[in-house]
Amino acid sequence: MFRSPARPITSPHRLSGALSRRQLLRSAAAASLAPLLPQRLVAETAIGSARLTTVSDGNLVLPGSFLFAGMPEEELAQILAAHHVDPARVTPECNVTLWQDETQTVLFDVGSGSTFMESAGLLLDSLDAAGVAPDEVTAIVFTHAHPDHLWGLLDDFDDLVFPQARYLMGQQEWDYWWDPETARTIGTARQAFAVGARRRMEMIEDRIERFGDGEEILPGVAAMLTPGHTPGHMSFELRSGSEAAMVIGDAIGNDHVAFARPGWEANSDQDPTRGAQTRSALMDRLAQEQMLLIGFHLSQGGMGRAEKTQDGYRFIPA
Ligand SMILES: [Zn+2]
């Protein structure tokens, strides 16, 4: 089920015609990063007649304090050791979901772009490896507006990376980051997130489509409000025929602590109490229904299932 990209980095359609500015930028970026690239695993499966793939945007590098502050130390240490996670330096994957059926090519989030972290921003190369050109993407659906999910919207010239796509974001999420007050109230640790989100959202203000909890936003794609990580964080249930999968974004943000103790409040959630409630309810449902889930920061491509254990849950990669 997991494979390394089998295709060469340059797809056939790029060989004809002149190189665009964007392609030049991308080749330059690829050349400078080539020796550092992690192996880009993608996970892929069929859901009914649709194809579900995760494409890597690279990974983040975070201090454990950002994720684990306030958690019970001894138990935390045991969970992290069992998952071989270095508490000083956590390196979560960034897995963008690609949903393709007869009529649409949909991306859930767009990754970090080139200005957030050196280890992330690889989405375009991964898409290329999956055989998808940016202008073939018909819709971009955002789980939330944090940098690693939104900032890949623009290239280094502030042009839209996916010019042909429709853009969709939950109404509450949009309103929160659009509000100029947010940069003032969000706290210093996340102030750059707010300024960066607003700047990018201004570039799609005239074409953004906003939606609410429970709406079918695209054929076979239903939105489900999963707040806490951000005020308007959305998950998405994908359906084709009798099969289903759930894109959970950062509602379940890692495959160690978040699975082992979903009820623990996490400093990485903007509203830790709400985040823990959302995570516990979502985990319960995913485990009960054994529904395929795709988590943005889960390991091995992020696709798998939740399995109940004696005192929590565990992530079983697909
Ligand atoms: Zn994230």
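The largest pocket in this predicted model is lined by 39 residues, with Leu62, Leu67, Pro92, Gly253 and His297 lying nearest its centre. (A pocket here is an open set of points on a 1 Å grid over the protein atoms alone, where a 1.4 Å probe fits, with protein on both sides within 12 Å along at least five of seven lines; lining residues have an atom within 4 Å of a point.) Residues are numbered from 1 along each chain as its sequence is written. Local features need pLDDT of at least 70, side-chain atom pairs count only at pLDDT 80 or more, totals for linings use all residues, and side-chain values use heavy atoms, leaving out hydrogens and water.

Now for the zinc ion. Asp148 (OD), His149 (NE2), Asp250 (OD) and His297 (NE2) coordinate the zinc ion at 2.1 to 2.2 Å; donors are N, O and S atoms within 2.8 Å of the metal (3.2 Å for Na, K and Ca), and sites may look incomplete because water is not among the atoms. Along the sequence, these donor residues follow the spacing D-H-x100-D-x46-H. Asp148 sits in helix H5 and His297 in the loop between strand E13 (292-295) and strand E14 (303-308), so this pair ties together parts 149 residues apart in sequence. (Helices, H or I with at least four residues, and strands, E with at least two, are DSSP runs numbered from the N terminus.)

How accessible are these two? Asp148 counts as buried at 5% relative accessibility, and His297 is buried too, with a relative accessible area of 9%; buried means under 20%, exposed over 50% and partly exposed in between, using a 1.4 Å probe and protein chains only.
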